[in-house]
Amino acid sequence: SKPYNSSIKVFMSRTIYNFIKEPLNQDYYDLLGYSVIDCKHLLLVVRNSIQIDSEGKNIQLKLIPFLCNVSQKNEWPGTTLSNSNATIYKYYLNPECIAIIRKFSNRLYQWQQPTYPEDLCLLRDDDTPWLVSIAHESDGFLLLSKDEATRLLISLPKLQAIIKRG
């Protein structure tokens, strides 16, 4: 099983599905498109200690219409910082937001500073994580109920080749 921090609320009815290959191109786009069924928010992180490039600032500008919350924390799904905080941007997830994300990226682990905000994460309505990425470690996983996993894999059967139940 995968180690994770306290910001991931564990429920007995959810299972970790590790990405054994990075979601890219069509698999990545399909996963993002599907996510609006189960998810309500998207998180992106900017570490305060790393300057973000103009490309990353441009992404942030394009996402402003979907911004619902900005906070300073040392922890987000999949990551805990020991001696510093980061700025956590929480966006409303909808097809327009996904279109912007797709325009700027074609793979999950692309979300790394300084070029991009970090660690794309998708959250359900209750703020529990559905998709978690730790991009600089080329690591990510889905945290799904049995019903969510069944629906996802029926809708996107090609994902079976890139995920493994944890």
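Tutor: Buried means under 20% relative accessible area, exposed means over 50%, and partly exposed lies in between, using a 1.4 Å probe and protein chains only. This is a predicted model, where local features need pLDDT of at least 70, side-chain atom pairs count only at pLDDT 80 or more, and totals for chains, interfaces and linings use all residues. Residues are numbered from 1 along each chain as its sequence is written, and side-chain values use heavy atoms, with hydrogens and water left out.

Student: Why does Asp119 count as buried?

Tutor: Its relative accessibility is 1%, so Asp119 counts as buried.

Student: What makes Asp127 partly exposed?

Tutor: Asp127 has 32% relative accessibility, so it counts as partly exposed. Asp127 also has a positive phi of about 70 degrees, although it is not a glycine.

Student: Why is the pair of Tyr89 and Tyr91 called stacked?

Tutor: Rings of Phe, Tyr and Trp (its six-membered ring) pair if their centres lie within 6.5 Å; planes under 30 degrees apart count as stacked, over 60 as edge-to-face, and the rest as tilted. The structure holds four aromatic pairs. In one of them, Tyr89 and Tyr91 lie 6.4 Å centre to centre with 15 degrees between the planes, so the pair is stacked.

Student: What makes the pair of Trp111 and Tyr116 edge-to-face?

Tutor: The centres are 5.3 Å apart and the planes 65 degrees apart, so Trp111 and Tyr116 form an edge-to-face pair. Both residues are buried.

Student: How do you know that the side chains of Arg14 and Thr128 make a polar contact?

Tutor: A polar contact is a pair of N or O atoms within 3.5 Å; within protein, one must be able to donate a hydrogen and the other to accept it, and residues adjacent in sequence count only if both atoms are side-chain atoms. The side chains of Arg14 and Thr128 meet at 3.1 Å, so this is a polar contact.
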